[in-house]
Amino acid sequence: MKILVIEREGLKNNISVVKERAGGAVIYGVVTGDGQGAGLVELARILRAEGIGRFAVSEVAEAAALRKAGFVEEEILMLRCTTDREELEQLLDLNVICTVGSHDSGLALNGVAEARSTVAEAHIQVDTGMGFGGFLVGEPEKILLAYRSLPNVALSGIYTQLHAVSPKGPEVGAQLRQFHQVLDAIHAAGFETGTVHAAGSYALMHFD
């Protein structure tokens, strides 16, 4: 039987390198897939001890596990939009920041929040070519509609996911240019984007 061994000091060193590379930028610890095999809660605890207090998950159960393990005040972002009412109810109960990546997901989240007489916090997801979901960069009017028509959703951020292969090639540069075009369109319409982030530590380490 094969055993995965993760050296804690080596992991801490890697985190410090990422933090140095990121400068003063906000860092989200993506702990999906059971912490990429390192253990969801175990990895989150190490990240928190190293000064990273924002986390991203892709399943409701992952967010619930973090809250249960004592991550009560930390920001948790759901990296997947959903129209499932039960999932949205659970995400709001867990005080998780939701993702709005389509008109339908925005309406579903707004409806659940309105029924609870509350305002749900969410980030906009933009697909710049990875195909992981989100609003297409060529349809900025749909993104602007989310800012205009969801009174029970507070859009506090926007993100995309960067290509993880050959980051020195044209892919990442093209993605970033497209992402900035979306940001410019939002600002030109008079809206604030809040936290702007792009998932991809590999690209962070290899692309200026």
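1. Two residues are in contact when heavy atoms of theirs lie within 4.5 Å. In this predicted model, 61% of the contacts in the protein chain with a separation of 6 or more are between residues 24 or more positions apart.

2. The secondary structure of the protein chain consists of nine helices and eight strands.

3. On overall dimensions, the C-alpha trace spans about 50 × 40 × 35 Å along its principal axes. The radius of gyration of the protein chain is 17 Å, which agrees with the value near 17 Å that a compact globule of 208 residues would have.

4. Next, the surface. Of the 208 residues, 40% count as buried. The accessible surface of the protein chain is about 10,900 Å², and carbon and sulfur atoms hold 52% of that area.

5. On charge, the protein chain carries 26 negative and 17 positive side chains. The centres of these two sets are 5 Å apart.

6. Is Thr195 buried, partly exposed or exposed? Its relative accessibility is 30%, so Thr195 counts as partly exposed; the partly exposed class lies between the buried limit of under 20% and the exposed limit of over 50%.

7. Which residues does Thr195 touch, once its neighbours within four places in sequence are left aside? Thr195 is in contact with Tyr28, His123, Ser156, Gly157 and Ile158. As for Leu155, this residue is 40 residues from Thr195 along the chain, and the C-alpha atoms of the two are separated by 9.5 Å.

Key. Residues are numbered from 1 along each chain as its sequence is written. This is a predicted model: local features need pLDDT of at least 70, side-chain atom pairs count only at pLDDT 80 or more; totals for chains, interfaces and linings use all residues. Side-chain values use heavy atoms; hydrogens and water are left out. Helices (H or I, at least four residues) and strands (E, at least two) are DSSP runs, numbered from the N terminus. The radius of gyration is taken over C-alpha atoms; the globule rule is 2.2 Å times the number of residues to the power 0.38. Buried means under 20% relative accessible area, exposed over 50%, partly exposed in between (1.4 Å probe, protein chains only). Accessible areas come from the Shrake-Rupley method with a 1.4 Å probe; for residues, only the protein chains shown count as cover. Lys and Arg count as positive and Asp and Glu as negative; His and the chain ends are not counted. The place of a charge is taken as NZ of Lys, CZ of Arg, CG of Asp or CD of Glu.
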